[in-house]
Each structure stands twice: as C-alpha cells, then as structure tokens.
Amino acid sequence: RLKAESGYGSESSLRRHGSMVSLTSATSGYSTTSTSSFKGHSLREKLAEMETFRDILCRQVDTLQKYFDGCADAVSKDELQRDTIVDDDEDDFPNTRSDGEFIHNNNGSKEKLFQCLSPKDINGIDFKGEAITFKATTAGILATLSHCMDLMVKREDSWQKRLDKELEKRRRIEEGYKSALSELKKKSHFRGPDYEEGPNSLINEDEFFDAVEAALDRQDKIEEQSHTEKWRIQRSSPVPPGDVYSTMGSHRFADKVEEMVQNHMTYSLQDMGGDANWQLVVEEGEMKVYRREVEENGIVLDPLKATHSVKGVTGHEVCHYFWDTDVRNDWETTIENFNVVETLSENAVIVYQTHKRVWPASQRDVLYLSAMRKILANNENNPDTWLVYTWLVCNFSVDHDNAKPTNRCVRAKINIAMICQTLVSPPEGDREISRDNITCKITYVANVNPGGWAPASVLRAVAKREYPKFLKRFTGYVQEKTSVKPILF
C-alpha cells in the first residue's frame with residue numbers, strides 16, 4: 001500500500017504538538033531585545049507583564065492546536081479516499097478522476113490529484129498570522145524574562161554588598177568586644193558590688209584565685225615595710241577600771257550582748273577533740289586552726305576556730321588591744337577606714353568599717369557591735385597554775401540608721417569572739433609575778449557571711465592563709481606593746 005506524506009506532515013506528527021509547545025524551540029533563532037529599554041520598570045511590573053503574555057500565549061497555543069487538529073483530520077480523510085480508488089489491475093492506464101482528469105506519479109502509479117488545502121479552509125484559521133503572533137508573544141516573554149533576570153542579578157549584588165558590610169561590622173564589633181574583655185581582665189574596675197564578682201564573672205575561678213593571691217601578696221609587702229615604724233609609735237589611751245567590764249550595761253542591746261557572751265562561753269570553749277565536723281587545717285607551734293565546712297545558697301559560711309598560747313601577756317591586755325578602736329589601725333592591715341557610729345557604754349560600741357578591696361572580689365563593709373567583758377572563772381584542777389580571769393570580746397552584726405548598706409560595698413555579716421584566759425604559774429619563793437610567769441590561752445572563733453558571691457575554693461584558701469597570719473601579727477603586736485609596761489590583769 002502506498003501512503004503519501006502531505007506537506008503538513010502525518011497525523012501522528014501533527015498531534016504530537018500539544019498545548020506544551022516549547023517556547024524556547026519556537027524562538028531558537030530569535031535574538032531577544034536588549035533589556036536597556038526596560039530600565040525604570042520594577043520587577044513587580046515585569047512579572048505582571050509576564051502574566052499577561054502567558055494568558056495571550058495560552059490562547060494562541062489553543063488556536064494553533066485547533067489548526068493542527070484540523071490538518072490532521074484532513075490528511076486522514078485524504079489517505080482513506082486514495083486507498084479506495086486505487087485499482088490494482090490497471091497498471092499501465094491512467095486513473096480517471098471525477099472531473100475526467102488523470103495524473104501519473106513518477107513511479108508509474110496513478111494517484112488522485114487533490115487540491116492544495118488553504119489555511120483559511122480549516123476552521124477559518126489564518127495559520128500564517130497566528131504563527132507570526134505566536135513568535136512575537138514568545139519574543140516578548142523572553143525579553144521580559146531577560147529583564148527580570150537582570151533585575152534579580154542587580155538586586156542580588158546589592159544584597160551581597162549589604163551582607164558583606166554587616167559581616168564586616170560584626171567582625172569589628174567582635175574584635176572590639178574581645179579587646180575590651182581582655183582589658184577588663186588586666187585592669188581593676190569598681191562599678192558596683194557584682195561588677196567583677198559573681199557567678200557570671202568575666203574571669204574563671206583559677207584567674208580569680210590568682211588575682212586574689214597577688215593582691216594579698218602586695219598587701220603583705222606593704223605591711224612588712226610599715227608595721228615596724230607603726231608599732232614604735234607610743235599610744236596611751238586610758239584603760240577603764242576592770243569593774244567596768246564586769247557589768248552588762250543598760251543600753252538597748254544589753255540583752256543581746258549578754259546572750260552572745262553566754263553562747264560563746266558555753267560553746268566556743270568546748271574541746272574539739274570529739275567533734276568530727278571540725279577539721280584541723282593549720283598547725284604552727286602552739287597555734288591550731290580548725291574549720292567546719294558550711295555552705296548556704298552557694299555562699300561559704302565556714303565557721304573557724306583557732307587556739308593559741310602566748311607567753312608574757314594577760315587576757316585583759318589581749319582583749320583590750322583587740323577591742324580598743326584607738327589602736328585598731330596599728331595592727332589591723334585589712335581595714336581601709338572605720339568610725340564609731342555610736343557609743344553604747346564604756347564597754348560597748350557600734351563600729352562601721354570598710355575593708356580594703358582585694359580585686360577582683362568586691363569591697364566589703366561591716367557594721368557590728370563590739371563589747372568587752374570580764375568573767376570570773378573557776379580555777380582549773382591544776383595546782384601548778386592559777387586561772388585569774390577570763391576576758392572576752394564579742395563582735396556581732398547589727399543594724400543602724402546611720403550606717404545603712406549601700407551599692408558601693410557588699411555588706412558582710414559577722415559573729416566573732418576573742419576569748420582569753422590568763423594562766424599564772426606561781427613564782428618561786430617570795431618573788432613577784434613577772435611576765436615570765438604569765439601565759440594567755442586564746443580561743444578565737446569567727447562565723448562570717450561574706451555576702452555577694454565568690455568561688456568557694458578562693459574563700460577557703462584565703463581564710464586558711466589569712467587567719468593564722470592575723471593571729472600571729474596581732475599577738476606579736478600585743479607582746480611588743482606590753483613588754484615594758486606593768487602587767488594588766
């Protein structure tokens with residue numbers, strides 16, 4: 001069977017082009033218009049244009065598809081008609097057409113001569129005009145796409161520049177922050193109680209400890225250079241009669257003072273041998289320092305207790321120099337300044353004092369009542385030793401309207417007692433009692449709430465280092481001050 005191909009292609013090739021005609025292939029030979037003509041138009045406007053082009057193109061595709069379908073139907077009918085009129089028996093004679101005309105093909109076969117189809121004859125569609133319009137529409141779409149791509153590239157470049165600027169700004173800020181942080185670690189700043197000290201401190205625990213140790217070492221050097229000259233200055237303050245210290249007084253804190261005195265005499269003098277909670281942390285000759293570890297809300301409240309024996313001084317003398325504010329600066333090296341807020345009686349005062357700041361810890365202040373008492377004690381069961389009197393100084397925190405807490409310092413709370421027992425060895429023969437016959441047995445207890453926040457390891461290390469130094473420094477000062485004075489029982 002012979003099947004001739006029409007100029008429009010076979011039915012299968014015509015129906016292969018559906019509504020998804022490739023715009024790119026349709027305009028493969030088309031050079032898009034320069035996007036410079038679209039300058040001044042926004043991306044939103046060009047996208048709207050593409051929406052319009054899309055609607056037009058869809059209608060044109062539907063029109064062309066109808067034309068292709070019509071062509072395919074016509075070709076199918078033509079092929080069917082040719083198959084019915086071919087006479088296989090007449091090989092050498094021409095075929096007769098309905099109008100009396102005959103035609104021979106090049107192969108000697110006879111075919112019916114069909115008139116060429118006109119584009120307008122198929123559903124009244126102007127194929128040439130539709131094709132030109134289709135080409136123009138696709139060209140417009142490509143031009144608009146090119147312009148949109150140009151706008152997006154320019155916008156991407158703009159955003160990239162802005163991103164680069166922000167990244168550079170962030171880099172400079174981070175470098176500035178690191179530099180400022182480094183400077184803060186090197187320098188001492190004072191902008192409030194918790195500026196350097198606190199759980200969120202800018203330095204870690206090891207650096208905190210090293211800084212405190214360095215500050216304490218500097219204070220020790222200053223103390224060594226100045227204490228000799230300071231102790232040579234003779235201060236003569238009148239000592240009230242011993243009976244004054246035997247009375248409780250009639251001020252508003254009298255009951256509280258009596259309660260604190262009784263508690264210290266009952267509990268502070270107890271032997272620590274049977275108490276497993278007390279740990280011996282320092283032992284230097286006659287001096288022993290014990291500690292019981294106690295924490296509350298992350299704050300170290302370790303009670304400390306020290307025992308010491310000092311030759312040549314009495315309990316009255318030790319407690320007098322510990323209590324007398326006139327000589328406080330002669331032996332106390334940690335105080336920056338202090339003043340007596342109120343004198344309650346001859347043996348009780350309220351004192352406010354600020355301690356030197358040990359960077360990076362915050363500065364501390366304390367407001368406390370200091371009272372001195374003389375207590376007649378029973379003689380120990382030792383015939384070779386006389387127990388004359390027990391003297392006691394107790395310092396405990398109180399509140400006062402003239403010394404309220406401020407943001408400048410962290411207010412610490414204290415409960416401290418200096419308990420001194422005078423032991424006298426009877427001299428030989430009729431000799432008078434000399435300082436060689438006198439020994440002062442000292443019991444020093446301290447319960448301190450430092451307030452604020454500092455690493456527990458630092459607080460405990462400082463306490464272990466400073467308390468023995470304090471006792472040695474203070475008792476040495478008392479021995480030097482009393483060595484040439486009459487014995488004060």
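**Arg364**

I started with Arg364, whose side chain reaches the backbone oxygen of Gly451 at 2.7 Å. A polar atom of that side chain also lies 3.1 Å from the backbone oxygen of Ser362. I'm calling these polar contacts (N or O atoms within 3.5 Å; within protein, one must be able to donate a hydrogen and the other to accept it, and residues adjacent in sequence count only if both atoms are side-chain atoms). A note on what I'm looking at: this is a predicted model, where local features need pLDDT of at least 70 and side-chain atom pairs count only at pLDDT 80 or more, while totals for chains, interfaces and linings use all residues. Residues are numbered from 1 along each chain as its sequence is written, and side-chain values use heavy atoms, with hydrogens and water left out.

Arg364 lies in strand 8 (helices, H or I of at least four residues, and strands, E of at least two, are DSSP runs numbered from the N terminus). Is Arg364 buried or exposed? Its relative accessibility is 14%, so I put Arg364 down as buried (buried is under 20% relative accessible area, exposed over 50%, partly exposed in between, with a 1.4 Å probe and protein chains only). I also checked Cys409: the C-alpha atoms of Arg364 and Cys409 are 5.1 Å apart, though 45 residues separate them in sequence.

Ser370 is found in strand 8, residues 364-375. Ser370 is buried, at 1% relative accessible area. Beyond its neighbours within four places in sequence, Ser370 has contacts that include Trp323, Asn347 and Val393 (contact is heavy atoms within 4.5 Å).

Next I went to Thr439 in strand 12. Thr439 counts as buried at 15% relative accessibility. The Thr439 side chain makes a polar contact with the side chain of Lys311 at 3.3 Å.

**The cores**

Which residues have the most contacts inside the largest nonpolar core? I found Val318, Phe322, Met418, Tyr444, Phe470 and Phe474, in a core of 40 residues. A nonpolar core here is a set of buried Ala, Val, Leu, Ile, Met, Phe, Trp, Tyr and Cys residues joined through side-chain atoms within 4.5 Å. Helix 9 (residues 456-482) gives the largest share of this core, 7 residues. I noted a second, separate core of 21 residues, with Phe253 and Leu367 among them.

I then looked up Met418, which touches Val318, Phe322, Tyr444, Phe470 and Phe474, among others. Helix 7 (residues 315-323) is mostly covered, with 9 of its 9 residues buried.

**Salt bridges**

How many salt bridges does a search of the whole structure find? I got 21 (a side-chain nitrogen of Lys or Arg within 4 Å of a carboxyl oxygen of Asp or Glu). One of them joins Glu342 to Arg252, with the closest N and O atoms 2.8 Å apart. Glu342 is in strand 6 and Arg252 in the loop between helix 5 and helix 6, so this pair ties together parts 90 residues apart in sequence. Glu342 is partly exposed at 22%, and Arg252 is exposed at 55%.

Glu284 and Lys472 meet in another salt bridge, at 3.4 Å from N to O. That pair links strand 1 with helix 9, 188 residues apart. I have both down as partly exposed, Glu284 at 38% and Lys472 at 48%.
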